[in-house]
Amino acid sequence: MASTSLSLPSLKLQFPSHKSSSSRKNSSSHRVSIRPIQASVSERPPYISSPSPSPSPPVKQAKLPTRKVPGDYGLPLVGPWKDRLDYFYNQGKNEFFKSRIQKHQSTVFRTNMPPGPFISFNPNVVVLLDGKSFPILFDVSKVEKKDLFTGTFMPSTDLTGGYRVLSYLDPSEPNHAKLKKLMFYLLSSRRNEVIPEFHNSYSELFETLENELSTKGKARLNAANDQAAFNFLARSLYGINPQDTKLGTDGPKLIGKWVLFQLHPLLILGLPKVLEDLVMHTFRLPPALVKKDYQRLYNFFYENSTSVLDEAEKIGISREEACHNLLFATCFNSFGGIKIFFPNMLKWIGRAGAKLHSQLAQEIRSVISSNSGKVTMAAMEKMPLMKSVVYESLRIEPPVASQYGRAKHDMVIESHDASFEIKEGELLYGFQPFATKDPKIFDRSEEFVADRFIGEEGEKLLKHVLWSNGSETENPSINNKQCAGKDFVVLVSRLLLVELFLRYDSFEIEVGASPLGAAITLTSLRRASF
């Protein structure tokens with residue numbers, strides 16, 4: 001989803017850990033019956049091992065040599081166009097970066113980032129592709145984040161009601177603090193509803209998938225997950241079931257069209273190459289084509305967020321601007337995050353096989369059983385393997401791959417091998433999967449190691465998990481650009497695994513490609529027996 005990190009309100013230390021589940025409205029937990037683990041599918045090679053020690057602490061080294069940043073931007077128009085074709089078609093993202101690392105013998109180099117002409121006229125960037133240089137992108141004392149949410153171009157504000165929403169604001173701008181406070185308020189005020197409404201919405205998802213499996217032999221996850229995600233967000237954050245409103249079940253479809261008009265310069269849809277590059281990557285699609293769809297979404301949020309809009313006025317934000325920001329935070333950031341990350345996480349867990357599934361089911365059921373059958377935040381903290389699997393999924397395939405920042409002043413950036421002088425105003429770009437799979441930081445960096453973050457040594461590695469536009473060991477604030485909903489995203493990802501393995505022993509999947517994340521088809525769901 002998008003090309004920088006998610007932006008959602010934080011729930012850190014705000015969810016009650018022990019509450020009665022007698023009232024759905026006021027409860028932050030739900031009771032479940034615990035079923036025994038049943039023998040599961042034949043095992044594929046598991047991606048799980050004994051806890052791996054982190055690499056030995058680096059020996060203190062002499063001062064790194066200073067290098068000129070290698071690479072160039074090519075001829076005007078021609079260079080950016082050639083790089084765009086390599087990025088999307090001739091090489092693909094991973095090979096695009098790998099080939100240039102090899103060519104320049106450096107994880108820091110110059111290139112152009114899509115879309116280039118005629119959407120962005122200055123696509124020149126300095127690329128950072130290792131875990132040492134990458135974190136400079138989070139330091140707002142050194143880089144500016146203004147209008148860089150989607151990278152070298154910014155979608156028309158006609159797609160957001162004429163406003164630059166929070167994701168495009170730099171912390172130095174007055175409205176940044178006000179809007180981020182509003183996002184914090186949104187989740188804080190609805191914290192008791194998250195766990196029970198997740199259970200309700202995803203129980204409906206599992207029933208839908210089971211019915212499809214029984215009739216067709218296979219079940220496509222993505223569309224059903226989209227509907228469950230939107231229902232969950234509307235019910236938990238706004239107290240409304242979309243199907244009881246004029247919006248009905250149209251939410252995910254409307255969001256998909258609206259997001260396409262923002263991100264089309266960065267997507268591959270599978271059209272013929274020449275046609276796709278001309279239509280999707282060379283010119284902007286006119287916002288007027290989705291104006292009515294966006295208005296339907298806006299009306300839904302305006303009608304169902306009265307208390308939050310009241311709070312916005314107290315903070316000093318108009319109801320209209322606040323509503324456009326609530327819509328963006330909910331539909332683009334949070335819905336988009338769940339849309340991408342849940343299928344990706346299930347892809348890795350599905351590929352890991354029955355051994356990991358059995359271990360997760362045993363851990364989750366044991367803890368919930370000892371917690372009187374209640375799912376709570378405190379109970380989930382006692383599930384080290386489940387927590388590690390979520391972090392490993394966020395590490396190996398972060399839901400938002402790209403971050404940008406513009407140098408506020410002349411500075412020196414260090415990779416593992418050299419120092420590089422950066423001039424004020426230069427645009428820095430990081431492709432996060434390379435930083436979070438840095439072999440000088442992570443042992444077996446290209447593998448999905450389910451128990452990587454277990455134990456004291458494993459927890460030390462969390463500072464290198466960067467999906468949230470910041471380190472996993474740091475916290476969002478009004479003064480930084482770290483994902484305001486960092487803890488919320490982790491929470492709902494944990495809830496998915498808890499709900500899944502309370503209900504099933506194991507599952508099998510087929511994996512395909514989609515413009516945003518993996519396309520998952522379930523071929524088996526092994527229900528836990530009573």
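User: Which residues make the nonpolar surface patch of about 1100 Å²?

Analyst: This is a predicted model, in which local features need pLDDT of at least 70 and side-chain atom pairs count only at pLDDT 80 or more, while totals for chains, interfaces and linings use all residues. Residues are numbered from 1 along each chain as its sequence is written, and side-chain values use heavy atoms, with hydrogens and water left out. A patch joins nonpolar side chains (Val, Leu, Ile, Met, Phe, Trp, Tyr) within 5 Å, from residues with over 30% relative accessible area and no salt bridge, a salt bridge being a side-chain nitrogen of Lys or Arg within 4 Å of a carboxyl oxygen of Asp or Glu. The residues that make the patch are Leu75, Leu77, Val78, Phe118, Phe121, Leu269, Leu271, Leu275, Leu278, Val279 and Phe283.

User: Which helix gives the most to the nonpolar patch?

Analyst: Helices are DSSP runs of H or I with at least four residues, numbered from the N terminus. With three residues, the helix that gives the most is H7, residues 273–281.

User: Is Cys483 buried or exposed?

Analyst: UniProt, in an unreviewed entry, lists Cys483 under "binding site", and such annotations may be inferred rather than shown by experiment. Cys483 lies in the loop between helix H15 (455–460) and H16. Because its relative accessible area is 0%, Cys483 is buried.

User: How far apart are the end C-alpha atoms of helix H3?

Analyst: The expected span of a helix is 1.5 Å times one less than its number of residues. For the 16 residues of H3 (residues 174–189) the span should therefore be 22 Å, and this agrees with the distance between the end C-alpha atoms, 23 Å.

User: What do the buried residues of H6 pack against?

Analyst: Helix H6 (residues 251–263) has 13 residues that should span 18 Å, which agrees with its end C-alpha atoms being 18 Å apart. Its buried residues include Leu254, Ile255, Trp258 and Phe261. Taking contact as heavy atoms within 4.5 Å, the buried residues of H6 pack against H5, helix H8 (291–303) and H10.

Conventions: Helix = DSSP H or I, 4+ residues; strand = E, 2+ residues; numbered from the N terminus. Buried < 20%, exposed > 50% of the residue type's maximum accessible area, 1.4 Å probe, protein only. Patch = residues over 30% accessible without salt bridge, like charges linked within 9 Å, V, L, I, M, F, W, Y side chains within 5 Å. Areas by Shrake-Rupley, 256 points an atom, 1.4 Å probe, with all protein chains shown as cover.
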